[in-house]
Amino acid sequence: WKAAGQRPQHLAALRALLDEVPAEVEALAEVERDCRLQGLLGELRDRLRAAASDEGADGASRVRWLREVAQLAERRFDDHADARAAWEALERVTDKAEERAEAQEALVRLMARNEDWDHVLERLAAQAEAEEDASEARRRWMRWVQVRREHRPDAAKEVAVLETLWAKHPDDDAVARALVDARRRAGDDLGVTEVLYALIEHAGPANAASRWCQLAEHLERVGDLESSAEAWQSARTIDPTSALAWEAEARVLGALGDREAQLTGLVAYADHPVAAGRRAGELYARAAHLAFELGRKERAAQLAERALRFSPDNDAMKSLVATLEDPGTAPVPFEELLAEASRQETAKAEAAKQEDGGAEEEEVASTDAPPAEEAPAEEAPVKEPEHDDAAEEPTGMVLIEHEVAAEEPTGMVLIEHEVAAEEPTGMVHIEHEVAVEEPT
């Protein structure tokens, strides 16, 4: 039939052959080509599946046919069960690691699309346990943890996996942070503290301060205020510009009742040129109040003066200073004055910021705007001179006046006599009943 040019009969004969021998390579290639041309994707999938099931075919061909079956089933027919069966068959047939990994990833993806999370977890765990490469096993276990946390929450099981993983990768920050999260959800506060201290030990200069902040927040949350205060102090010692650490340390020291240490910390915070920023006046005021309550009136007065120097126009700050000098005459409680002083300082800072932004916008607008045309000189109002020889402020040009008011400097020399100034043209005119045409 092929020699006679009878293609339909030839293809029919090839199909009959494939019914008997599904993996006959030349016949399958010809029929595969015809199926693609004719759009017969269902027949193509069936032919390839039958060929791949022939154990006598070579492995590489079987892998290619099974991959094609799986892709057709998933993408063209949305048949996830058939696609899953094809990938599982490919996983069994292949002896190459990359092809096996491809099949495993595809199977996990299909299970996830069908929300078959229990099987996803089983497969990920089996893959991780069978993996010989430590980094690849770690990747699979971390994916297992993510799926467990998002779809089958069980903090205790997460902790068990992550503890084993952390023992194998003690310097892995991602594993440690995941363990912190899992232990916190499991209610293991001591376990969280252990991991946070370990993270600090492995921290570099770039993230040491943030690690101390994490530990301090955790210790404050669980009620270990003394250790929290020490951690906050370590954080702001490493990064003195951290307003968060300064403020938190003062808060924790206040909660502990250690007011002397709180006063020392507040003054050091206010003294710092970067950390305090625009809040320096408010911080000195808080320190002054604390010193006054501790009976250190001279120290309170000194700190109040510093506060006023930073905020000389703040009426609330003035009243606050007066309150410190004579608390009995205060019209409102100190706490209210302090809050009002803080509010005024914040409003002042925001107003300054808005003014800066408005000035920048105005400058940009003036730069982008086209230059304004000069108004004709004859339309401008001319002032009458008050006296004949009024002394003008030096402007860098020469004016010779005779009973005519001086115009605003324009960068040229005018000599006028009872004649209105013309629009500047770049020439020098001398007008006295006789026009001079050429510049002199």
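## Helices H5 and H6

In this predicted model, H5 passes H6 in a left-handed crossing, a term used when the near helix is turned anticlockwise from the far one by less than a right angle, the clockwise case being right-handed. Helix H5 covers residues 80–93, and it packs with H6 at an angle of about 155°, the two axes lying 9 Å apart. Axes here are lines fitted to C-alpha atoms, for helices over the stretch in contact, and angles run from 0 to 180 degrees between N-to-C directions. That angle makes H5 roughly antiparallel to H6, since angles over 145 degrees count as roughly antiparallel, those under 35 as roughly parallel, those from 65 to 115 as roughly perpendicular and the rest as oblique.

Among the residues of H5 that meet H6 are His80, Arg84, Trp87 and Leu90, and their partners in H6 include Arg100, Ala103, Leu107 and Leu110; contact means heavy atoms within 4.5 Å.

## Helices H11 and H12

Helix H11 (residues 189–201) and helix H12 (residues 208–222) pack at an angle of about 160°, with 9 Å between their axes, and they are therefore roughly antiparallel to each other. The crossing in which H11 passes H12 is left-handed. On the H11 side the meeting residues include Val192, Leu196, Tyr197 and Ile200, while Trp212, Leu215, His218 and Leu219 are among those in H12.

Helix H8, residues 134–151, has 18 residues and reaches 26 Å from its first C-alpha to its last, close to the 26 Å expected at 1.5 Å a residue; the expected span is 1.5 Å times one less than the number of residues. Its buried residues include Trp141, Met142, Trp144 and Val145, where buried means under 20% relative accessible area, exposed over 50% and partly exposed in between (1.4 Å probe, protein chains only). The buried residues of H8 pack against helices H6, H7, H9 and H10.

## Residues in loops

Asp78 lies in the loop between H4 and H5, and its phi is near 50°, a positive value in a residue other than glycine. Glu115, placed in the loop between H6 and H7, also has a positive phi, near 55°. Most residues other than glycine have a negative phi. Asp78 counts as exposed at 52% relative accessibility, and Glu115 counts as exposed at 57%.

Pro312 sits in the loop between helix H17 (297–310) and helix H18 (315–325), and is partly exposed, with a relative accessible area of 41%. Its C-alpha atom is separated by 9.4 Å from that of Gly281, which is 31 residues away along the chain.

## The whole chain and its confidence

The chain has 19 helices and two strands, which are DSSP runs numbered from the N terminus (helices H or I, at least four residues; strands E, at least two). Of its 440 residues, 36% count as buried.

The average pLDDT, the predictor's confidence in each residue from 0 to 100, is 80 for the chain, and 71% of the residues score at least 70. Over residues 363–440 the pLDDT is below 50, and this stretch has 52 contacts in the model beyond near neighbours in sequence.

## Basis of the values

Residues are numbered from 1 along each chain as its sequence is written, and side-chain values use heavy atoms, leaving out hydrogens and water. In this predicted model, local features need pLDDT of at least 70 and side-chain atom pairs count only at pLDDT 80 or more, whereas totals for chains, interfaces and linings use all residues.
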